[in-house]
Number of protein chains: 2
Amino acid sequence: MSPSPLHSCSTSSLLFRFLPFLRWLPRYPIKDWLLGDIVSGFSVGIMHLPQGLAYALLAGLPPVTGLYSSFYPVFLYFFFGTSRHNSVGPFAVISVMIGSLTESLMPSEDFLESVNGSNATVNEELRDTRRVELVATITVLTGIFQVLLGLLQFGFVVTYLSDPLVRGYTTAASVHVLISQLKNVFGVSQSEHSGPLSLFVVSIYPPEHIPSSCKLPDTNVGTLVTSIIAMVSILIVKELNHKFGAKLPMPIPIELITIIVSTGISYGVNLKEKFGVSVVGNIPSGLKPPVVPNMSYFGQVVGNAFAIAVVGYAICISLGKIFALKHGYKVDSNQELIALGLCNFLGGFFQCFAISCSMSRSLVQESTGGNSQVAGVIASLVILVTIVKIGELFRDLPKAILAAIIIVNLKGMFKQFKDLSTLWKSNKVDLLVWVVTFIATLLLNLDIGLAASVAFGLLTVIFRTQLPHYSILGRISDTDVYRDVVEYEMAQEVPGVKIFRSSSTIYFANVELYAEALKKKSGIDVDRLIEKKKKALKKLKKQQKKLEKEKHLTEVSLGDTAMTRVLPSLDNNTGSPSLPQSAGDGPGVAVIELSAGERSAPSEPTLRSLGLPQPSFSAVILDFSPVSFVDTVSIKILKNIFRDFREIEVDVFIASCPGEGDLQSHEPRASPLAHS
Amino acid sequence: MSPSPLHSCSTSSLLFRFLPFLRWLPRYPIKDWLLGDIVSGFSVGIMHLPQGLAYALLAGLPPVTGLYSSFYPVFLYFFFGTSRHNSVGPFAVISVMIGSLTESLMPSEDFLESVNGSNATVNEELRDTRRVELVATITVLTGIFQVLLGLLQFGFVVTYLSDPLVRGYTTAASVHVLISQLKNVFGVSQSEHSGPLSLFVVSIYPPEHIPSSCKLPDTNVGTLVTSIIAMVSILIVKELNHKFGAKLPMPIPIELITIIVSTGISYGVNLKEKFGVSVVGNIPSGLKPPVVPNMSYFGQVVGNAFAIAVVGYAICISLGKIFALKHGYKVDSNQELIALGLCNFLGGFFQCFAISCSMSRSLVQESTGGNSQVAGVIASLVILVTIVKIGELFRDLPKAILAAIIIVNLKGMFKQFKDLSTLWKSNKVDLLVWVVTFIATLLLNLDIGLAASVAFGLLTVIFRTQLPHYSILGRISDTDVYRDVVEYEMAQEVPGVKIFRSSSTIYFANVELYAEALKKKSGIDVDRLIEKKKKALKKLKKQQKKLEKEKHLTEVSLGDTAMTRVLPSLDNNTGSPSLPQSAGDGPGVAVIELSAGERSAPSEPTLRSLGLPQPSFSAVILDFSPVSFVDTVSIKILKNIFRDFREIEVDVFIASCPGEGDLQSHEPRASPLAHS
């Protein structure tokens, strides 16, 4: 093979890898799939419109950015994505993460302007411009993180976001969403707090009397009635959609109907002027040229952008995998990361906010017959038409309607509270992770809360391995099966042998417990016996010394005898581990060297000769099958175990030692450590 | 038994527990032990004197507090301690931890006073008074933490400080000590920085020209010469002590000799006035009445006090255990924590700073014949006499001599750099822990550095379990031993069965890798085969539909047939996992329910009937012996494994499943999960 075709081959395979549509589009079965994709694309596009407007509100941005975010990334995903049913675009959790940032870094109060000298009002235009600029930076940064993680094949970071963690997190996020929307439902305005505990500040003092963009400081009855009617009708129709889903060609687009009807009423009755109902306001027509994001915000938002990148990806990939499993295709998790990253990165230049996938839209896309990413393109074209032609018609849409749409969409999230009872029955530790994540996210807000939750999730692994179950194994008669003698009546200890097993691996945080449990379970007081032996040896030595002195006195004329040379050798054999010289001034954590050679010297007196009781067993076998790695602390303690048991004339063996090189021993069968 | 004797009995056992001297003192073998204890006590007391003065300097406190710290806690330990050879008292690492606090919270610059209008000098008296007050608070708080941890039996927290971590930490601490003492060696004075990266600020600009307590802004040659002579002579004599240790009745007290000689010279020549050599200054005679610590500092120092409590205890207990092992007695780790805590708590009322144990003094205490805590009492009495009678004589002792003593004592710590090569050979992960701890402690200072290191140490456990070794096991002929077929030539796969094993436990962070590795190691492309099967089934279904249509057309007059009822049942049997209804709007992480019952319906077409290749094996056995706990994520993925292999007509079994209740299965032998 010459290098040039090889080169071109690898280039094309790279092209196929990073642009998956090159692979599947030529094989697209137009006859079978196109109709389904078009129907599905329209259904999803119709959902995108109200959701985009609503989630922009959630992110604290002008509504048109929600439309942009429903167009650019959705269109781009067609080229890069590998999931055929995911509906990418604005998502509640991500939007509220962005919203908490915009409100903390650029609160409305910063844009107060004195009009006519007396009443200060917020310069909304300036505020929105600045916020769009900030969010564009976050979005680009999120995209960069996702692309980098994808290129480095670091998609596995989401494994740290375990199921209970993600569910606890999204539930807490939806509480944040709910509270942030209450002001729109009640038509009041409030100071936008952020940072830890901000949630409670908001919920304790909802109707604060501060200068605001909305002119009524107290509940606006018109707004409240509007939103309640909207919520109830959307809820009912969604329930009907759900019930008669099989019989309808596509779900009734109740959200779209609601915004159209309410916009019509709002325009006709002039709700804004007459009842002070807050409306979305001006929606500019047409697309904007790309703008390079403002680099100066990078430092402020880098942590949040990383959190958004990880959470957004985690939601997409888990959703994508469910559909892939159902329809028997594969999603490439690293390519998905790159696809999302490119959607965000490029979107950031066009005033989009960060996107993820929406479960509700994806389910519609699948159930209305969507077969491929073509459905996404159709949906994005629906939004494009809206942006160019009909978006401006929605200027009189009351914000309360959007809040109602957001809140109704939270229903599924709040159902996750049911996890509490499920997890209580199945796994208490995972329940703890759920609860801690929920509380941490509620109290510490969405960024720090996520970090704290991940740290706690990892700590549970430590806790779980730190207090394992220790057991003495016995053999089940006539088999090779060894089981815990306490749990299995059939299991009988092998005479003269103690087989010891821990349910977890051994490492620095639990190895001392391991040694203690072994000594306890062995049934004899090992330390006491060693102490007694040492005392007996000391006595013996003293007696010998006395004897020698007497001899020396009587045999003084005979000169130096061999007797004096016996003593130092006894000294070496007291079995005491000598402190290594190098530890002379250290902090007291020196590794104790085991001088095994000296101990087996034939001159050492036995327990029997010292008149001490002998243990009832002659060997200890440590079952190492759950041991997956070994650190230096474990080695040190293991050496101590070997030394202590040798002291009381018991041999220690290691069985089922993994031989992958983490441990020193490579023998396939039970092999005594440190024996040679 | 009447309640009152029971009560008195438990009271006395509590007394014995918390005041261990009640137990051992009555049995004290005066004849055998007293002489050794007195000799050892004097030797240690003589070491306490220079070390106490030096470590007070290190802690940024007036020298007399070092004497107090060498008296009160040492005396109190007699009543509470269980280690017979530990020499409690000031320790370099703890002193430098305190020193970094005094210098950051109360820098000398805060006490500048204008004298005669022109030259600003530091009001040392006020500074020292304030610093003593601050440190007393830290010490009391440290004591409270230690007593609480001891009462709650939380001595195990030190297991998180693994050997490599403690050694890396103390090495970094000794670098901090060295740098902090350079100013005394060179006789320059410098701004006292603190906080992250402070180390480099200090070492890059040592001779800063700032107003200072010492009157010379540049290197003082007299001071430098003094300290070099002192260092060399101490080093040489220590080497001799070490070499001829066996032949000397007690080590030459070179540190004491040095301070006496240098004080004499300093007084005679009047070094302070003539050469501007900095001296320790006034040492008040006699003891001071106790002072209640200032509570207002609690908030500022609570984190540092906790770090000091943990580090101090970690050093004491590891040292105590080494001696206990050597001499065959037991130290009670929780009682040690309480003992240290009470020493610190009570000491804090008497101007002491926090103490720990010193390796160098403890080794002297042991080697000079010390047998019990009585040696400590003797040593403390030596210091008491010094405080009351002769302390004031040391007012002319040059600080440079104390710096020399501190630096020489660091020798043993710096030897810990040898760990790098030892760990490189034995354990790379532990090496990483050492290096990360060292660098973190150097860069982030002693408190944050410790927290970061502990977090990193725990993370290594995650890393180690996250990328385990996966293997297919084979049987070694004529035995019951199963080994990795790749590593053992003797091991042969059992025909028709794949036995799969991971070297580590399964949990959320590695279970997806587990499933992937299983599919890969099984030798067939499971996902591809399932995809093919689904396609074939779809085709079959379509054919059936067509067939039915034709039939329907021909048999339209015959009415509804049973045929229509066949189709939905086929629909259910395509093996696709249905999305649970409750996941309707959730974040896409719903647990997939496995409807096992439907799948085994007899109507399902087999791979053979669909014309697809069959896998070469009919069963997969998962060896669960390294599995120590199971979380919900693992259960979900395990269910997927069962479903996928069922799909391709392979049965999955679990072997060696631990039966302690963490897992659902309790059968002792291989048991199929989810089969019933």
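B:K498 counts as buried because its relative accessibility is 13%. Buried here means under 20% relative accessible area, exposed means over 50%, and partly exposed lies in between (1.4 Å probe, protein chains only). This lysine forms a salt bridge with B:E493, and the closest N and O atoms are 3.1 Å apart. The term covers a side-chain nitrogen of Lys or Arg within 4 Å of a carboxyl oxygen of Asp or Glu. B:E493 has 36% relative accessibility, so this glutamate counts as partly exposed.

Some ground rules come next. This is a predicted model, in which local features need pLDDT of at least 70, side-chain atom pairs count only at pLDDT 80 or more, and totals for chains, interfaces and linings use all residues. Residues are numbered from 1 along each chain as its sequence is written, chains are lettered from A and ligands numbered from 1 in the order in which they are written, and side-chain values use heavy atoms, with hydrogens and water left out.

How confident is the predictor? For the complex, it gives an ipTM of 0.72 and a pTM of 0.72. Chain A averages a pLDDT of 80, and 82% of the residues score at least 70. That score is the predictor's confidence in each residue, from 0 to 100. Within chain A, confidence is highest in strand β1 (residues 88–89), at a mean of 94. Confidence is lowest in helix α22 (residues 563–572) of chain A, at a mean of 38. Helices (H or I, at least four residues) and strands (E, at least two) are DSSP runs, numbered from the N terminus. Over residues 558–602 of chain A the pLDDT is below 50. This stretch still has 70 contacts in the model beyond near neighbours in sequence. A contact means heavy atoms within 4.5 Å. Residues 201–217 of chain A also stay under 50 in pLDDT. For them the model has 26 contacts beyond four places in sequence.

Now the salt bridges. Side chains of opposite charge can pair when their charged atoms come close. The count comes to 35 salt bridges over all chains. In chain B, the side chains of B:E255 and B:K238 meet in one of them, at 3.2 Å from N to O. This pair links distant parts of the chain, 17 residues apart. B:E255 sits in helix α10 (residues 254–269) of chain B, and B:K238 in helix α9 (residues 221–243) of chain B. B:E255 is buried, with a relative accessible area of 4%. B:K238 is partly exposed, at 22%.

A:K519 forms a salt bridge with A:D527, with the closest N and O atoms 3.2 Å apart. A:K519 is buried, with a relative accessible area of 18%. A:D527 is partly exposed, at 24%. In chain B, B:K519 and B:D527 belong to a network of salt bridges that also links A:K330, B:R643 and B:D644.

Next, the cysteines. A disulfide is a covalent bond between the sulfur atoms of two cysteines. The structure holds 2 disulfides over all chains, each a pair of cysteine sulfur atoms within 2.5 Å. A:C316 and A:C357 form one, with their sulfur atoms 2.4 Å apart. The torsion about their S-S bond is about 100 degrees, so the disulfide is right-handed. The pair links distant parts of the chain, 41 residues apart. A:C316 lies in helix α12 (residues 298–327) of chain A, and A:C357 in strand β4 (residues 356–357) of chain A. Both A:C316 and A:C357 are buried.

In chain B, B:C316 and B:C357 form a disulfide, also with sulfur atoms 2.4 Å apart. Its S-S torsion is about 100 degrees, so this disulfide is right-handed. B:C316 counts as buried at 2% relative accessibility. B:C357 counts as buried at 0%. A:C343 is in no disulfide, and the nearest cysteine sulfur, that of A:C316, is 8.9 Å away. A:C343 counts as buried, at 1% relative accessibility. B:C343 is in no disulfide either, with the sulfur of B:C316 nearest at 8.9 Å. B:C343 counts as buried, at 0%.

Last, the surface. Which residues form a nonpolar patch there? They are A:I252, A:I257, A:V261, A:I265, A:V269 and A:F275, with about 480 Å² of accessible area together. Patches are made of residues with over 30% relative accessible area and no salt bridge, where like charges are joined within 9 Å and nonpolar side chains (Val, Leu, Ile, Met, Phe, Trp, Tyr) within 5 Å. Accessible areas come from the Shrake-Rupley method with a 1.4 Å probe, and for residues only the protein chains shown count as cover. Helix α10 (residues 254–269) of chain A gives the largest share of the patch, 4 residues. A:I252 has its place in the loop between α9 (221–243) and α10 of chain A. At 36% relative accessibility, A:I252 counts as partly exposed.
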